[in-house]
Amino acid sequence: MSVYSVKGKGWRYDFTHNGQRLTAAWFKTKKEAAAAEAKRKEEAENPIQEEPREKETPTDMAFLELLNLRLDFVQEYRSERHYKTYVHHGRRWTKSWGKLPCKDISTDMVQAFMIKRKQNSSAYAANQDMVYLKALFNWGKRRGHINDNPVDRLEFFPVEKRPRYVPPPEHIDKVISLADPDTKDYLITLRETLGRMGEINRLTWDDVSFPDRYVILYTRKKKGGILTPRKVPMTNTLFEVLSLRHQIRDEEKPWVFWHSYRSTKTGETQVGPYKDRKKFMRTLCQKAKVPYFRFHAFRHSGASLLDNSPEVTMGSIQRILGHESRRTTEIYLHSMDDLEREAMRVLEARRQKSHTDSHTDGEGATSETRNPLKLLEPAMGFEPATC
């Protein structure tokens, strides 16, 4: 659709002619936008013949306008979570560059912003800002809105990576046992599928096959934000949980897990699938008296258990987790390789042997050769100590 509205802004037209994108905004009414589009199409199809001139570089765009265009795109083509993250970062950026054209934002300015972000928060937070800002400028370059990306010449801050806490199965089971019935079903589904939170939140009854005992999970991890499905076999435990929920389900609700909530925009009560549900995990972990962990730890814990089973292949673990790359799967595997364990056993054995050799008699050794101090006693006039 070439004429459309953006809430709170107005109408715009957007079409492509001979590979060139032609757009304008913001019109007060759809009629005005359609009339302007028709006039622009007429001009594009019947251009005024002029003398040849040098090709002009694309007109640079105001940073705030570029950001708004990117937000419109992300809202339409990406997940809601991705959109909210962009809004969160964008509020910080506009405080610094909201009134500037993109061409006036230099690499030094961005670097100063990132250093301050690192000092006020962390290197990890600054790197996240850098990733999203770099994507914004690259998107603007691909669309022909700007000519340069000042973030391209920056390097990420070094981040200290700490070992991730992976809860053992008994800790996960203890937390689940203390949850209310609905939350318990949700956590069991996470544990039994090794799914991501977003994948379980968008799970519908159409994605559950009881005859063939599998569920279909969808993820947006592929490039372009396209929802990609994968089948995950149901365990007996998951089959029982979902069967009971299916029997008592509200047939008007397509989701396996849904809730009622008050909209922050309208103030009215709405019904929809689960969204962010991490807050209760801290309370449950405190009650269970185990270290705090969140939903993603279920995937790490389950992947490590599978990795410890010789009959399970790396490829199977990769497909269950929904990873495109085997290297990503290896991040989730926290068990030691057998060769590494054997190497450490050899190290320990050699160290103990060396320690023992230095404190035991060697073959043919005398007490004098084993005690250098005693050899020096006669020459130095020492008398043997008596007790």
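In helix α12 (residues 314-321), the buried residues are M314, I317, Q318 and L321, where buried denotes under 20% relative accessible area with a 1.4 Å probe and protein chains only. Viewed down the axis of α12, these buried residues fall within an arc of 100°, so they line one face of the helix; the arc is that of the directions from the helix axis to the C-beta atoms. G322 follows α12 and has a positive phi, near 75°. Helices (H or I, at least four residues) and strands (E, at least two) are DSSP runs, numbered from the N terminus.

The model is predicted, with local features requiring pLDDT of at least 70, side-chain atom pairs counted only at pLDDT 80 or more, and totals for chains, interfaces and linings using all residues. Residues are numbered from 1 along each chain as its sequence is written, and side-chain values use heavy atoms, with hydrogens and water left out.

Helix α3 (residues 80-97) has 18 residues, which at 1.5 Å a residue should span 26 Å, and its end C-alpha atoms are 25 Å apart, in agreement; the expected span is 1.5 Å times one less than the number of residues. The buried residues of α3 are Y86, V87, H89, G90, R92, W93 and W97. These buried residues pack against α2 (63-77), α4 (107-120) and α5 (123-142), contact meaning heavy atoms within 4.5 Å.

Strands β7 (residues 258-262) and β8 (residues 269-273) pair in the antiparallel sense over five bridges, pairing requiring that DSSP find at least two bridges between two strands. W258 has P273 of β8 as its bridge partner. Six residues lie between the strands of this hairpin, in which G267 takes a positive phi near 80°.

Terms used
Buried < 20%, exposed > 50% of the residue type's maximum accessible area, 1.4 Å probe, protein only.
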